[in-house]
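Visitor: I would like a close look at one residue, and then at what surrounds it. Please keep it brisk.

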Amino acid sequence: MQTVTSHTSQRGVMTTSQQDTAEKAAQLLAQIAETRSRQAFSELFSHFAPKLQAYGTRQFGNEQTAMDLVQETMTNVWHKAHLFKADKGSPSTWIFTIARNIRFDLLRKNKKRKDDISADELWPILAEQNDNLDDDYALDQDILLQEISHYYGQLPDAQRIVVEKIYVEGKSQQEVSDSLGIPLGTVKSRTRLALKKLKELIVEHD
Amino acid sequence: MIKSHPSEAILYQYASGDLSASMTLVVGTHIDMCPICKRTVCEIEEGLCNKHLDSLVETICAPSKGAMSKTQCDQMLEAIFNSQAKPAAQREDLISLEGRRFNLPTTLAHNAHRIGEWTHLVGKLWRAPVALSDDGQTNLIYMEPGAQVPEHTHKGQEATLVIDGVFNDEHDAYYDGDFILLDADRKHTPRTATEDCLTLATLDAPLFFTSGISRLLNPFSSLFFR
């Protein structure tokens with residue numbers, strides 16, 4: 001496992017002022033979570049809003065969307081401050097990941113998709129309970145229903161034979177026509193009917 | 001031990017929010033299962049934060065051109081204090097399939113409501129679509145023991161994550177948490193032996209089956225894997 005020291009050395013040593021800022025921001029978040037302090041939030045806001053605005057402006061090239069990003073990100077910070085965990089990372093990284101999610105949603109909102117997935121589903125960083133401690137995802141060993149490859153067993157014989165020859169034995173429709181002594185047109189129509197029937201069986205089962 | 005991971009480039013795009021929704025889901029679910037990639041992503045996020053937020057010296061006290069005015073700040077604060085908290089995210093931790101039950105990793109658990117009905121494909125294969133209103137086609141694929149996905153190629157990329165169990169193809173064996181990204185036109189034949197396997201897979205074009213009886217599937221591959 002890497003130590004905290006090697007983490008920071010990879011990203012350049014944190015300056016004293018950055019450390020102070022991080023500690024201060026963590027205190028403010030704790031105050032917001034515990035006492036719903038509007039004053040603490042305002043202080044946090046005045047530090048982060050301009051940074052978020054600059055990030056949003058660079059990402060969207062649009063002042064209004066940048067303001068939306070600031071407002072939605074900071075709204076989440078206000079309501080979800082209790083979910084910040086100081087041992088998991090710095091306050092600014094936490095706020096950045098919230099902004100990253102809002103950016104994702106704003107970019108997709110512009111594409112006007114219906115029933116669209118939201119970033120909170122894809123990066124559930126604001127979920128109340130986030131850890132699935134179980135690392136084995138199978139719960140029991142029951143066996144499934146028997147295999148159902150019987151779909152094409154349900155076809156009428158004439159159609160099934162044609163399908164078997166074409167798809168299992170890999171014959172061409174002309175070869176099937178020759179070997180069964182039936183017209184090529186009949187082979188084609190039986191194949192078509194068989195595929196249609198199979199589709200119905202599969203959809204029925206669905 | 002997970003041995004097959006997304007590339008650092010993919011993790012970077014994941015952390016920046018630049019992957020498609022379907023790829024974000026598959027990579028995010030891998031990260032839930034993989035402490036190594038989780039740590040890498042945390043580091044990348046720190047780096048991104050440093051680049052996008054921390055390095056900026058701008059503050060309200062020293063506003064730059066185009067910065068928010070005091071009035072704008074006050075209005076926004078007022079709006080935030082009057083806003084309602086979003087309802088907590090829904091999650092379902094369990095998925096069942098005909099007597100078999102699986103725990104879902106966190107990211108997938110938050111998308112459980114998007115998982116559709118299980119459909120039996122041919123042979124020992126099942127699938128359930130994950131509706132992401134995305135360009136990709138995302139499915140949970142369940143392979144019973146002794147199942148084989150017919151040899152196939154695909155026009156686009158296919159990303160597969162093993163949620164539970166093990167499967168093999170011509171190249172390797174893949175276990176819980178392994179993430180496999182296959183490029184277009186690379187043939188492979190996933191199969192299970194004595195164990196079953198649940199995977200999450202996303203692809204951006206339908207499969208094309210290349211041999212034997214599986215060619216029968218081609219007229220339906222869009223039906224199966226959409």
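Visitor: In which strand of chain B does Asn139(B) lie?

Guide: Asn139(B) lies in strand β5 of chain B, residues 137-143. Strands are DSSP runs of E, at least two residues; helices are runs of H or I, at least four; both are numbered from the N terminus. The model is predicted: local features need pLDDT of at least 70 and side-chain atom pairs 80 or more, while totals for chains, interfaces and linings use all residues. Residues count from 1 along each chain as its sequence is written, chains are lettered from A and ligands numbered from 1, in written order.

Asn139(B) has 23 other C-beta atoms within 10 Å, so Asn139(B) is buried. Thr160(B) and Asn139(B) are 21 residues apart in sequence. Their C-alpha atoms are 9.6 Å apart in space.

Step back to the whole of chain B. Chain B holds 6 helices and 11 strands, β5 being one of those strands. Of the 226 residues in chain B, 43% are buried. Take the contacts in chain B with a separation of 6 or more: 63% of them join residues 24 or more positions apart. (Contact means C-beta atoms, placed from the backbone, within 7 Å.)

Chain B is divided into two domains: domain 1 spans 8-81 and domain 2 spans 94-225. (The bounds come from an automatic or database assignment.) Domain 1 of chain B gives 12 residues to the contact between them, and domain 2 gives 17. On the domain 1 side, 6 are nonpolar, 5 polar and 1 charged. (Nonpolar is Ala, Val, Leu, Ile, Met, Phe, Trp, Tyr, Cys and Pro; charged is Asp, Glu, Lys and Arg; the others, Gly among them, are polar.)

Next, a helix pair in chain B. Helix α1 (residues 8-16) packs on helix α3 (residues 35-54) at about 55 degrees, and the axes are 9 Å apart. That angle makes α1(B) oblique to α3(B). (Under 35 degrees is roughly parallel, over 145 roughly antiparallel, 65 to 115 roughly perpendicular, the rest oblique.) From α1(B) come Glu8(B), Leu11(B), Tyr12(B), Tyr14(B), Ala15(B) and Ser16(B). From α3(B) come Cys37(B), Thr40(B), Val41(B), Ile44(B), Glu45(B) and Leu48(B). By class, this contact has 8 nonpolar, 2 polar and 2 charged residues.

Now cross to the other chain. Helix α4 of chain A (residues 63-80) packs against helix α4 of chain B (residues 70-81). Their angle is about 45 degrees, and their axes lie 9 Å apart. The two α4 helices are therefore oblique to each other. On the chain A side, Val70(A), Gln71(A), Met74(A), Thr75(A) and Trp78(A) take part. They meet Met76(B), Ala79(B) and Ile80(B) in α4(B). This contact has 6 nonpolar, 2 polar and no charged residues.

That leaves chain A itself. Chain A has 9 helices and 0 strands. Of the 206 residues of chain A, 33% count as buried. Among contacts in chain A between residues at least 6 apart in sequence, 50% join residues at least 24 apart. Chain A has a domain 1 (15-122) and a domain 2 (152-205). The C-alpha centres of these two domains of chain A lie 60 Å apart.

Key. Axes are lines fitted to C-alpha atoms, for helices over the stretch in contact, and angles run from 0 to 180 degrees between N-to-C directions. Two residues are in contact if their C-beta atoms, placed from the backbone, lie within 7 Å. A residue is buried if 20 or more other C-beta atoms lie within 10 Å of its own, exposed if 12 or fewer, and partly exposed in between; C-beta atoms are placed from the backbone.
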